[in-house]
Amino acid sequence: MLNDSILTIITFVPAAGAIIVALLPRQGRIIQWFSLAVALVTFGLALHLPINYVYGQPGFQFEVDQAWIPNPAIRYHLGVDGISMWLVVLTGFLAPLGVLASWNKIDHRTKEFYFFFLLQQTAMIGVFVSLDMFLYYAFWELTLVPMAILISMFGRDRGTEAAIKFFVYTFLPSALLLVAIVWLYAKTGTFDFVRLQSILAQNTAAFPPQALFWASLAFLVAFAVKVPVFPLHGWLSDVFSEAPTAMAMVVAGKLGLYSILRFNLGLFPAQARQVAPWMVALAVIGILYGALVALVQKDMKRLAAFSTVSSLSFCILGIFCFTVSGLDGAIYQILNEGISVGSLLLLVGFMYERYGTYEIASYGGLAKRMPNLATLFVVTSLSLVGLPLLNGFVGEFLILSGSFAGHVAWVSAATAGVILSAAYMLWMIQRVFYGTESGMVTDVSAPDMNFREHAAIWPIAVLMLLMGVASPIWMRAIDGAAVKLASPAALVHMAVTQ
Amino acid sequence: MNQVPQAYRILPELLLTVTGILIMLIEPLMPPGMTRKPIGFLALGGVVAALIASVWQLGLPAGTAFYGTVQTDAFSVFFHVLICSVVLVALLIAFDVFDGSKERPAEYYALVLFGAMGMCLMTSAVELLLVFISLEISSIATYILAAIRKRTGKSPEAGLKYFLLGSFATAFFLYGIALTFGATGTTNISDVAAALPNSPVPGFATLAVAMVLIGLGFKVSAAPFQVWTPDVYEGAPSPVVALMSTAPKVAAFAVLLRITYGAYPQLQTHWLLLVWIMAALSMTIGNLGALRQHSVKRMLAYSSIAHAGYTLVAFTALSGEGIAAAMFYTATYAAMNVGAFAVVSHAGGYDDRLVSVADYRGLAYRSPLLGGALAFFLLSLIGIPFTGGFFGKFYVFTAALHSGEVWLAVIGLVNSGVAAYYYLRLLMSIYGKPTDDAPVQLIPRLKGSLTLALLLTVSATLILGIFPGRILAMARAGAATFTGASENTR
């Protein structure tokens with residue numbers, strides 16, 4: 001019984017929480033405590049999924065499929081597989097940390113902040129669990145709104161411009177995505193992902209290949225902007241440096257990458273392979289470009305942004321090589337990215353709360369004053385760099401080994417990105433935490449991490465280690481989905497007919 | 001022939017007229033210093049009664065009255081309900097704005113009711129001359145309403161501009177009727193369709209459709225007949241703009257649907273091209289114009305031009321689906337636009353204190369409810385899911401794609417992407433931090449009537465966005481009675 005409604009509950013608990021937040025009085029920390037409770041409850045409910053997941057069973061689980069709007073036939077169809085289940089859990093995991101990160105930093109208009117913050121949770125979880133294209137699109141667009149408003153409200157000084165840039169960047173291609181979705185509906189009479197997948201796989205003759213290609217491209221561009229894939233990354237560094245920490249943690253990566261995996265590979269396997277050489281090339285360019293630009297950043301948040309471009313491009317590389325280990329690695333790396341970049345942004349945010357700047361040059365010799373923060377910062381960086389025993393290694397290793405055979409030259413170049421990432425991260429650590437103490441660090445006496453901050457970071461640190469040494473816990477579910485994506489029924493079918 | 005008493009077919013119109021006349025009779029008897037609120041309640045009562053009567057009409061068998069000049073069916077009821085609801089909200093918005101002012105609120109109430117009567121009659125009239133008369137009734141009322149803020153210069157200017165250009169456009173409409181009579185020998189909409197194949201001068205009929213399109217294109221402010229819109233909306237008092245940017249357009253779209261699909265289905269190939277051009281132009285000119293505006297009212301005026309374009313896109317879908325989509329779109333447009341102007345009206349007050357986008361900075365700070373409501377309407381105007389605006393656009397563009405109008409759909413969707421920018425600019429401004437001397441600090445507390453108006457419009461927009469099925473089903477029923485009728489005559 002619970003299995004039928006669990007996804008609905010997980011999706012809408014944050015939204016219900018948001019409505020209650022809007023009615024709470026603005027006194028003390030009632031709103032913060034309440035939002036933390038909502039986030040924790042959501043996370044607890046999300047853990048129901050991996051515990052009750054039936055491993056080895058193909059298809060979607062925890063499904064709900066009800067009519068929503070009779071005409072056009074839009075259904076309320078939710079379900080998760082190995083990929084989306086972990087993404088829901090990841091979203092649930094990051095939410096309480098986001099609340100903790102905002103605890104003191106958001107000191108005015110807390111009601112508005114937590115209202116939109118919780119609404120954003122619902123929108124993101126909705127994206128991952130929707131199996132009706134229309135419902136999916138609705139949640140996909142909804143993710144833009146709270147994000148843009150929060151960036152505008154709580155941006156540093158150019159928040160409004162960053163928010164509008166972000167919104168327009170992602171909204172324009174989404175309009176084309178809608179055209180493609182409606183076109184598919186006009187052709188097939190259904191928005192249901194599962195039915196669409198089987199129709200597209202079986203009646204390949206019914207669709208003009210040219211039109212299918214354009215439709216798949218509309219999907220791909222809309223998702224690539226959101227990832228972002230080079231050269232569509234223009235919005236990211238502005239958004240990273242303006243957005244409040246809790247929002248920057250979730251703005252990039254998982255939504256776009258998940259959508260590429262689910263829809264481009266799921267609905268258009270042949271077309272995805274057609275564009276694969278281009279995507280591999282863009283991915284490698286993105287890896288190197290992101291790393292090189294990160295190397296010269298003076299601002300820690302902008303450095304984090306370009307390092308994100310670089311490591312998300314690794315995911316793209318893994319996806320578009322279409323090998324099981326490459327896909328496994330890419331999906332694993334999406335989770336890593338969420339956790340490790342989240343941790344980096346949290347730590348940088350803690351430093352900002354104390355010193356009021358992200359400027360690398362202002363810091364120096366911080367390790368002596370804040371040994372705890374320095375240690376956790378180093379651990380996070382090593383995870384991002386891909387040190388064995390930590391989570392990043394598993395993902396990057398799988399991606400590189402899975403893609404090497406197919407694209408020797410490109411992947412050789414991509415490995416240089418791993419070295420560069422070590423360079424910019426370690427160089428930043430050296431400048432910020434070691435060396436001679438800077439004037440600012442001497443003048444401002446700031447305490448080391450407090451209990452709240454420890455509570456936000458330690459779960460991540462433990463998880464980074466756990467995901468580095470016990471990856472099968474996650475891989476069990478991911479692998480089944482990756483195998484299906486690597487050799488979809490459609491291609492087998494086409495090979496037989498040709 | 002039909003057992004239904006003839007008066008039942010025009011019951012909502014009768015109720016509106018009687019209430020309007022009562023208001024005009026009572027007002028002079030009231031002592032000068034006394035509040036005009038009771039008259040406001042009387043007007044509200046009249047509109048609610050008309051609303052109930054319209055719904056009640058749904059129970060009547062569809063049919064005509066008064067020698068086949070008035071027809072009540074699911075189509076007319078749909079628009080009656082829509083117009084009465086918009087008028088209801090417009091009255092609620094004006095409740096406090098006009099009561100404290102030096103103008104006579106009773107004039108406002110009576111004119112709104114007479115205008116509403118004209119608009120309602122437009123949607124149920126099937127005789128072109130009656131359509132013309134009701135169009136004039138509604139137009140004259142709105143001309144005066146635009147100029148009602150007599151003591152400021154801009155309002156009478158707006159009224160005069162609207163009147164001069166409007167009467168010019170109505171003349172085109174009248175020419176269209178004359179040419180129709182010349183081509184077919186009749187001015188009854190369903191007879192026109194039947195007589196058209198035997199027309200001695202088929203060229204007249206084509207010209208007639210073009211004339212009607214020009215006349216009504218002006219009323220819905222579709223490009224290239226949109227030039228008046230920004231000036232008039234800027235000058236007219238905001239509660240009046242809330243009304244005249246929605247209800248008369250809704251009625252004009254209803255007439256446009258009846259004439260194009262009801263009287264001239266055979267000439268589809270001709271008017272389709274015109275509508276196509278008007279739709280593409282309206283969307284593009286509206287959105288590009290809005291991009292350059294700093295004044296919020298002018299921006300919303302351009303945005304309403306763009307939305308007229310979206311509605312016209314639905315006309316190009318040659319089916320019941322297109323008609324239903326157009327009907328649905330007018331409903332969502334009415335809900336969100338009237339709501340947006342409700343906020344603008346309260347925030348600006350009687351003297352339009354808030355003008356530019358920058359003036360709205362911090363509205364959500366000053367009044368979370370007002371700011372949140374405007375933000376919600378803006379999101380709906382952008383077309384964000386879970387709002388009515390999204391499904392409106394969705395149905396329109398789906399209908400267009402179904403009939404193979406891929407290019408128009410692409411133009412429309414690119415336009416809606418462009419539109420996001422200027423709506424967002426205002427949205428972001430609302431959530432920005434206000435300075436201490438910001439004009440939003442002067443906004444008075446929300447009154448009960450405006451809260452009710454916002455509640456009605458927000459929930460309508462939300463219902464259209466989450467459960468569009470029922471409303472679409474009603475629109476389809478309306479479209480069906482009406483395409484069915486035109487098919488019988490073919």
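**Close-up views of a predicted two-chain model**

**View 1. A salt bridge between Asp73(B) and Arg258(B) in chain B.** In this predicted model, the side chains of Asp73(B) and Arg258(B) meet in a salt bridge at 3.6 Å, N to O, the term standing for a side-chain nitrogen of Lys or Arg within 4 Å of a carboxyl oxygen of Asp or Glu. Asp73(B) lies in the loop between β2 and α3 (74-99) of chain B and Arg258(B) in helix α11 (residues 247-263) of chain B, so the pair ties together parts that are 185 residues apart in sequence. Helices (H or I, at least four residues) and strands (E, at least two) are DSSP runs, numbered from the N terminus. Both Asp73(B) and Arg258(B) are buried, where buried means under 20% relative accessible area, exposed over 50%, and partly exposed in between (1.4 Å probe, protein chains only).

The conventions for every view are as follows: residues are numbered from 1 along each chain as its sequence is written, and chains are lettered from A and ligands numbered from 1 in the order in which they are written. Because the model is predicted, local features need pLDDT of at least 70 and side-chain atom pairs count only at pLDDT 80 or more, while totals for chains, interfaces and linings use all residues, and side-chain values use heavy atoms, with hydrogens and water left out.

**View 2. A salt bridge between Asp81(A) and Arg262(A) in chain A.** The closest N and O atoms of Asp81(A) and Arg262(A) are 2.9 Å apart. The pair links distant parts of the chain, with Asp81(A) in the loop between β2 (74-80) and α3 (82-102) of chain A and Arg262(A) in helix α12 (residues 254-267) of chain A, 181 residues apart. Asp81(A) is buried at a relative accessible area of 9%, and Arg262(A) also counts as buried, at 5%.

**View 3. A network of salt bridges in chain B.** Side chains of opposite charge can pair when their charged atoms come close. Here Lys154(B), Glu157(B), Lys161(B), Asp231(B), Glu234(B) and Arg298(B) are linked in a network of salt bridges. One of its links is the salt bridge in which the side chains of Lys161(B) and Asp231(B) meet at 3.0 Å, N to O. Lys161(B) belongs to helix α6 (residues 154-184) of chain B and Asp231(B) to helix α9 of chain B, so this pair ties together parts that are 70 residues apart in sequence. Lys161(B) is partly exposed, with a relative accessible area of 28%, and Asp231(B) is partly exposed, with a value of 28%. Over all chains, the count by this rule comes to 16 salt bridges.

**View 4. The interface of chain B and chain A.** In this interface, 35 residues of chain B are in contact with 35 residues of chain A, contact meaning heavy atoms within 4.5 Å. The two chains bury about 3,000 Å² between them, 83% of it on carbon and sulfur atoms; buried area is the accessible area (1.4 Å probe) that two parts lose on being put together, summed over both. Across the interface the rule finds zero salt bridges. On the side of chain B that touches chain A, α15 (363-366), α16 (368-382), α17 (388-402), α18 (406-430) and α20 (468-489) each supply at least two residues. The largest share of that side, eleven residues, comes from α18(B).

**View 5. Positive phi at Ser221(B) and Tyr67(B).** Ser221(B), although not a glycine, has a positive phi of about 50 degrees; its place is in the loop between α8 and α9 of chain B, and at 0% relative accessibility Ser221(B) counts as buried. Tyr67(B), likewise not a glycine, has a positive phi of about 60 degrees and is found in the loop between β1 (63-65) and β2 (70-72) of chain B, where Tyr67(B) is exposed, with a relative accessible area of 83%.
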